[in-house]
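Visitor: Could you walk me through this model, one question at a time?

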Amino acid sequence: FSVYSILVKKEKIFTIPNLLSISRLVMIPILYYLSLKQNALLFGILYFLTGATDALDGFLARLLKQETRLGVVFDEIGDYSYYLFSVVFMYLWNKQLVLENLVIVGILLFYFISQSIAIFLISGRFHSLHLYTQKLWGFSVFLNVMYYVLIGDSYFPLYFLLVYGTVVYVEVMYIVFKLNKNLYDNVGSIFLMRRKLRKSKK
């Protein structure tokens, strides 16, 4: 996904899916400011809308036939920024929770960063495998932030995130090392990967 290849293909930048992906980056400093000001209602509304763009951009790209390499780049940058800053938002809204569970937060960050590095080392770029379990994990992160901002301070949602995050991490790393140089986008799941591998051997 080099800049040169994007320019040569003259891909459209200002498509609806691309603008949705870019909006996630634009909203991060606004959400950070609202966190500092402890404006829970406005933060909750904007954080919800920002999270919704993660589901809409890919769907609209396929629906409107506006899938581009540049769109993939925007989507990945938006996703990485959104999830990493979600940790910052959790800290700003509930410092005690994060400080008392630094080990859990550290493990989750390790999962996120190490799998990203593994994918980059093998494929030469940062990208998501778009596993169904990953999508559910991303939604769980979203719900965790919304919970700690708007509802309460129970540790259970964070513990759930750790347990489920471990399952997702194992699946991702298994797929990465199983496929190795044959790693591709939109894997879906271990089962779909294994089915595709069986078909390729016939």
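Guide: Helices (H or I, at least four residues) and strands (E, at least two) are DSSP runs, numbered from the N terminus. This is a predicted model, in which local features need pLDDT of at least 70 and side-chain atom pairs count only at pLDDT 80 or more, while totals for chains, interfaces and linings use all residues. Residues are numbered from 1 along each chain as its sequence is written, and side-chain values use heavy atoms, with hydrogens and water left out.

Visitor: How many helices and strands are there in the chain?

Guide: From the N terminus on, the elements run α-α-α-α-α-α-α-α-α. The count for the chain is therefore 0 strands and 9 helices.

Visitor: What share of the 202 residues in the chain is buried?

Guide: A residue is called buried under 20% relative accessible area, exposed over 50%, and partly exposed in between, using a 1.4 Å probe and protein chains only. By that criterion, the buried share of the 202 residues is 45%.

Visitor: Which residue forms a salt bridge with aspartate 79?

Guide: A salt bridge requires a side-chain nitrogen of Lys or Arg within 4 Å of a carboxyl oxygen of Asp or Glu, and the structure holds 1 of them. Its closest N and O atoms are 2.9 Å apart, and the partner of aspartate 79 is arginine 24.

Visitor: How many residues apart in sequence are the parts that the pair of aspartate 79 and arginine 24 ties together?

Guide: Both aspartate 79 and arginine 24 are buried. Because aspartate 79 lies in helix α4 (residues 69-93) and arginine 24 in helix α2 (residues 16-37), the pair ties together parts whose separation in sequence is 55 residues.
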